[in-house]
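Let's take a friendly walk through a protein chain and its aromatic rings. Have the sequence and the 3D view ready.

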Amino acid sequence: MTFILKKIITCVIVPPGCFIVLLLLFAVFLKKKSRFFALLLASLLYLFSIQPVADLLLMPLEYTYKPPALAEVKAGDAYVVLGGGVNDFAPDIDGEGTPGSEAFQRLICAYRLYRIDKKPIIFSGGIILERRSEAEVAKRILLSLGVNEKDILMEGKSRDTFENAKYVKELSDKHGINKIVLITSAFHMKRSMLLFDKFFKETIPYPTGHSTSKIKYDLLSYLPNAGNIGGIAIALKEYLGIFFYKITL
């Protein structure tokens, strides 16, 4: 009981919970028309910050593809890892930038598969706002983990998923790579496969870093959490990207 009470109090104090409470308090003192809008905003903010709503949008993206069997993975010619940002202001032990959390999950997944079956790792990610290419940071991490340098192929020009697919295809053709194991975050896989299927005849999807799970919800699932707002924003971005590429490709 103390644990639940602590969670509820924390939820009321930190955003977005505190904003929901403030809107509800303002609604008490506002006129009828203004009260309606305050209650509407509080309701929307609450709905957008709880786990069931975030899962409702993310699950169709994250479970479109399941991780393939190891035998299927071994049939691929190379592991293709899509970039997920660089944290340029968080230097690690050698004083350099680090991969973003999504990129790090994808890298670790590729490294684990590489340990089982050594084949080239193609990392795809260029420079957008960071001071250095994602590919450079990823290569340093892979080398530190013990991946043989000759097995690391870097694609450092791409700025979005379409360019990931385009430039990875060009690099793959140069190295005689035909069938790839595509590694990216589970929420990003549906959009990625839509694009990579345009460039590759054979692509094996390997989703990683799932943020949702098929579990029963409890009281904590219905408490406002800023992370759920982030999850909804990610899902909406993916749906917009899928829609855009479906009407333009």
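Phe-37 counts as partly exposed, because its relative accessibility is 47% and that class lies between buried (under 20% relative accessible area) and exposed (over 50%), using a 1.4 Å probe and protein chains only. Before going on, note that this is a predicted model: local features need pLDDT of at least 70, side-chain atom pairs count only at pLDDT 80 or more, and totals for chains, interfaces and linings use all residues. Residues are numbered from 1 along each chain as its sequence is written, and side-chain values use heavy atoms, with hydrogens and water left out.

How many aromatic pairs does a search of the whole structure find? The search finds five. Rings of Phe, Tyr and Trp (its six-membered ring) pair if their centres lie within 6.5 Å; planes under 30 degrees apart are stacked, over 60 edge-to-face, and the rest tilted. Phe-36 and Phe-37 are edge-to-face, because their planes meet at 70°, with ring centres 5.5 Å apart. Phe-196 and Phe-200, in contrast, are stacked, with 15° between the planes and 6.0 Å from centre to centre. Both Phe-196 and Phe-200 are buried.

Now zoom out. Of the chain's 249 residues, 43% count as buried.
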